Structure formats: structure tokens, C-alpha cells
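Trainee: I would like to learn how to read features off a model. Can we work through one together?

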Amino acid sequence: MGSNVRSFFVNHGQTTTAADQKLSKVGSPCHLMPSNNSKKRPSSFILLIAYCFPVSDAFVWHSSTHRRIAKNQVLLYPHPITRPSLEMTAKDIDGKSVAESIRSELASKLASLPADVTSRPGLAVMLVGSRKDSQTYVRMKQKACADCGMVSFLEEYPKGEDVTEEMLLAKIRDWNEDEAVHGILVQLPLPKHIHEERILSEVDPKKDVDGLHPANTAKLFSTATHAGAVKLNWKDFTSIPFHIPCTPQGCIELLDRINDGQGIEIEGKNAVVIGRSNLVGMPVAMLLLHRNATITIVHSRTKNIESIIQQADIVVAAVGRANMVQASWLKPGCVVIDVGINSVDAPDTKRGYKLVGDVNYAEAKEVCEWITPVPGGVGPMTIAMLLRNTWNSWRRATGQMEG
Ligand SMILES: Nc1nc(=O)c2c([nH]1)NC[C@@H]1CN(c3ccc(C(=O)N[C@@H](CCC(=O)O)C(=O)O)cc3)C=[N+]21
């Protein structure tokens with residue numbers, strides 16, 4: 001095999017042409033090797049084909065089984081021998097246990113406060129309407145607070161349709177003044193007749209533990225330092241003197257903690273974010289940018305979405321469409337952070353539904369190196385980051401932390 005040879009194809013007719021086109025789109029030069037002329041094929045190659053091997057950054061596409069290959073799709077498949085660091089099946093990123101350790105760290109910090117510090121971090125949650133999922137999330141947040149020794153306050157407006165913006169604004173002003181409240185969270189979505197941005201803008205930015213106030217968003221989307229001459233340290237969220245949305249923070253925290261706490265290098269990597277919401281897509285792209293990744297945001301109007309994702313070292317999926325991202329869209333060895341929480345019917349389960357991500361997990365696991373499961377991935381991190389934001393807010397308010 002010459003070192004200039006980067007990709008091989010075994011010709012299996014039409015599909016090879018599709019593969020060829022797709023690979024050239026990805027920018028990988030390919031060499032066709034006709035399989036209908038078996039005499040020309042070195043015998044060792046047959047074994048290699050069976051493994052679908054890459055030679056450094058080159059790939060042989062295994063088409064003979066047609067197993068994971070849908071019409072017009074190419075599967076780029078890593079070989080374990082030529083890439084020793086790559087295992088055939090991805091490792092799960094255990095968000096649940098990372099979140100648990102963050103929560104217990106917070107709990108022990110709170111438990112070991114000096115006796116004269118009697119104040120405790122307080123989180124106020126506003127729940128408007130009677131969505132079942134929102135109720136569940138709010139309950140989880142309150143329990144998380146109690147578990148680690150924080151105080152929580154709940155203001156519920158079950159009849160969402162009767163609520164006026166003025167009522168909500170008045171409550172938020174109360175909380176802004178209340179010294180026992182260090183974090184304010186308005187559970188989203190709000191009923192249609194309520195102007196979401198108007199409500200979120202009323203929250204004191206210092207208490208905006210969701211990081212959704214325009215003042216906090218602006219700081220996240222800026223390259224200014226905000227800390228006088230001191231450069232912000234994007235590797236330590238606790239040192240950042242404003243609030244950052246919880247789910248995006250959780251995504252980065254996971255990237256930093258995988259691989260037995262060593263994390264993976266973000267700098268210089270191609271990161272593709274799928275989705276552009278205020279809550280996740282846009283802020284997570286900014287966080288990746290601050291960590292010197294090259295970012296691309298793809299969305300419903302993006303052309304050639306698959307070939308863009310195929311170039312990603314890091315994929316963050318945050319669209320809310322069950323199993324949208326297929327294994328064939330992923331570059332072998334990439335890291336997948338699946339933010340999607342979609343419920344799909346599952347009549348044989350107790351709840352009658354189950355949660356799945358935006359990524360086709362079972363298939364993707366065979367291609368990428370690391371992947372977050374759903375549930376048990378990003379979800380629990382969101383809550384852990386909310387607690388940490390509330391803790392930081394309290395420390396700043398009580399003069400225990402600069403900034
Ligand atoms: N202002 C605001 N802030 C939010 O942070 C916010 C919001 N609105 N609206 C809705 C989304 C959703 N969200 C989740 C939090 C935890 C899990 C979570 O812990 N999920 C578990 C499973 C939970 C289950 O089994 O139902 C998991 O993924 O393992 C999921 C989703 C916060 N959100």
C-alpha cells in the first residue's frame with residue numbers, strides 16, 4: 001500500500017459511485033479498486049475489506065455485507081488495528097455519574113461551611129401552565145436543591161391561560177429584591193400569550209442562573225474579557241463572572257471529564273452543532289468557540305447537512321428530533337454529545353413512553369468513539385450545572401467569591 005493512497009473502494013456497482021461522490025465531498029481522495037476483477041485484488045485485501053479498515057485517515061468502505069448501509073449512504077468504518085486508540089464500539093459518557101459527583105461535591109462544601117455562615121443558596125423556580133414534562137423537571141430541580149442543602153422556592157401558575165405578564169413580572173421583581181433568593185429560573189416553555197423575552201429580561205442578571213437574560217447572553221457572545229484586564233479562563237466555569245446556560249455548560253463539562261477525567265482536546269477540533277436554539281445550540285457553539293474549536297451550526301435550512309457533520313470531530317445534537325442523526329453521517333472516532341430528549345411511544349414500558357436522543361444511538365455507537373446516552377447523558381448534567389450556578393451566585397452575593 002503506497003503511503004499516498006488514502007482511500008480504497010471495492011467496487012460493488014452503483015453504491016460505490018455514491019460512496020465515491022460522498023467521500024470526495026468530504027474531501028478525501030479515493031481510489032477505486034474493482035472487486036469484479038478478483039485476480040487483481042491482493043489476497044490480504046480481502047481480510048482487510050472484511051474489517052473495513054482505515055489507513056491513517058483513509059478508509060475502505062465495507063459494502064459486501066450491506067448491513068448498515070442505506071441507499072445512497074456511505075459508512076466510514078474504523079479498523080481497530082490501524083487505529084489502536086479506536087475501539088469498535090464507542091464508550092458511553094456517563095453523565096449521570098459525573099452529575100452525581102458534582103452534586104455531592106457541592107453538598108459536602110455546603111455541609112462544611114463555618115458555623116457563622118447561616119445563609120444557604122436559594123433557588124426560586126417559576127412554573128407556568130400544567131405541562132407534565134415541565135412539572136417533572138421542576139420537581140427534579142427542587143429535589144436536587146434539597147439533596148445538596150440548598151433552599152428552593154416554587155411559584156406555580158397551573159392555569160397558564162389566565163396568567164398575565166404583569167403577574168409574572170411582579171413575582172420576579174419580588175425575587176430580585178429577596179435576599180434569600182440567589183437564583184431565579186423561569187421554566188420554559190411559557191404559554192404562547194406570554195412574551196418570553198420580556199419575562200426573562202426582568203430577572204436580575206446576577207440571579208439569572210439559567211443564563212438567559214440578554215445581558216448574560218451578550219457576555220457569552222463577546223470576546224471581551226469582562227474581568228478588567230484579566231482574560232477569562234474558559235476551562236474553569238466557576239471563574240467566569242456571569243451566568244452561562246446550564247445545558248451547554250454541562251456539554252463542555254462532559255467533554256472535559258471523559259477518558260478518566262483527562263477529557264478530550266477541544267482546541268483546533270471541528271465541532272458541528274445541530275440546532276440553533278437560545279437554550280442550547282447557540283450558547284454551546286459559543287462555548288466551543290471560546291475553547292478554540294472551529295464551529296459550524298447546522299439547522300433545518302442547511303444544505304448537505306450530512307457531509308458537514310461527516311467532518312465533525314465533535315457533534316452536539318440539539319434539535320429535538322428522535323433518532324435524526326444516522327451513523328453514516330458520523331466520522332469514525334468522533335465524539336457525540338446528544339442533547340435531545342424525545343419521548344417516543346413504548347407500550348410495553350411502565351410509563352408508556354421512553355426517552356431517546358437526536359442521534360440513532362445503537363448505530364452511532366459502532367462508529368464514534370464517545371457518545372452520551374439518553375437518558376443518563378446530558379440531562380442530569382443540566383441540573384448539576386443549575387446547582388453550581390446557584391452556588392456561585394450565592395458565593396458572589398455573600399462576598400465569598402470575587403466577580
Ligand atoms: N428555563 C429552563 N431551564 C432549563 O434548564 C430547562 C427548561 N427551561 N425547560 C426544559 C429543559 C429540559 N431540561 C432538562 C433537565 C434535566 C433533564 C434530565 O435530568 N433528564 C434525565 C431523565 C429524566 C426522565 O427520566 O424523565 C436524563 O436525561 O437522564 C432533562 C431535561 C431543562 N430544561
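Trainee: Is Arg 173 buried, partly exposed or exposed, and what is its relative accessible area?

Mentor: Keep in mind that this is a predicted model. Buried means under 20% relative accessible area, exposed means over 50%, and partly exposed lies in between. Arg 173 has a relative accessible area of 38%, so it is partly exposed.

Trainee: Which residue meets the side chain of Arg 173 in a salt bridge?

Mentor: A salt bridge needs a Lys or Arg side-chain nitrogen within 4 Å of an Asp or Glu carboxyl oxygen. The partner of Arg 173 is Glu 202, at 2.9 Å from N to O. Arg 173 sits in helix H5 (residues 165-177) and Glu 202 in helix H6 (residues 196-202), so the pair ties together parts that are 29 residues apart in sequence. Glu 202 is partly exposed, at 25% relative accessibility.

Trainee: How many salt bridges are there in the whole structure?

Mentor: A search finds 13. One of them joins Lys 365 and Asp 92, with the closest N and O atoms 3.3 Å apart. This pair links distant parts of the chain, 273 residues apart. Lys 365 is in the loop between helix H11 (361-364) and strand E13 (370-371), while Asp 92 is in strand E3 (residues 91-92).

Trainee: Where do Lys 365 and Asp 92 fall, buried or partly exposed?

Mentor: Apply the cut-offs to each residue. Lys 365 has a relative accessible area of 16%, so it is buried. Asp 92 is at 36%, so it counts as partly exposed.

Trainee: Which residue forms a salt bridge with Asp 133?

Mentor: Arg 131 does, at 2.7 Å from N to O. Asp 133 is partly exposed at 31% relative accessibility. Arg 131 is also partly exposed, at 43%.

Trainee: Which residues are linked in a network of salt bridges?

Mentor: Arg 103, Lys 143 and Asp 147 are linked that way.

Trainee: Now the nonpolar side. Which residues make a nonpolar surface patch?

Mentor: Patch residues must have over 30% relative accessible area and no salt bridge. Here Tyr 137, Met 140 and Ile 341 make a patch of about 250 Å². Met 140 is placed in helix H4 (residues 132-147). Met 140 is at 41% relative accessibility, so it counts as partly exposed.

Trainee: Which feature does UniProt place at residues 245-396?

Mentor: Treat a record as a record. The unreviewed UniProt entry gives "domain: Tetrahydrofolate dehydrogenase/cyclohydrolase NAD(P)-binding" for residues 245-396. In the model, that stretch is 33% helix and 18% strand. Its end C-alpha atoms are 18 Å apart.

Trainee: One last case. Where is Pro 189 found?

Mentor: Pro 189 is in the loop between strand E6 (183-186) and H6. Pro 189 is at 36% relative accessibility, so it counts as partly exposed. Compare sequence with space here. Pro 189 and Ser 134 are 55 residues apart along the chain, and their C-alpha atoms are separated by 8.2 Å.

How values were computed
Residues are numbered from 1 along each chain as its sequence is written. This is a predicted model: local features need pLDDT of at least 70, side-chain atom pairs count only at pLDDT 80 or more; totals for chains, interfaces and linings use all residues. Side-chain values use heavy atoms; hydrogens and water are left out. Patches are made of residues with over 30% relative accessible area and no salt bridge: like charges are joined within 9 Å, nonpolar side chains (Val, Leu, Ile, Met, Phe, Trp, Tyr) within 5 Å. Accessible areas come from the Shrake-Rupley method with a 1.4 Å probe; for residues, only the protein chains shown count as cover. Helices (H or I, at least four residues) and strands (E, at least two) are DSSP runs, numbered from the N terminus. Buried means under 20% relative accessible area, exposed over 50%, partly exposed in between (1.4 Å probe, protein chains only). UniProt positions are given in the numbering used here, feature names are shortened, and annotations may be inferred rather than shown by experiment.
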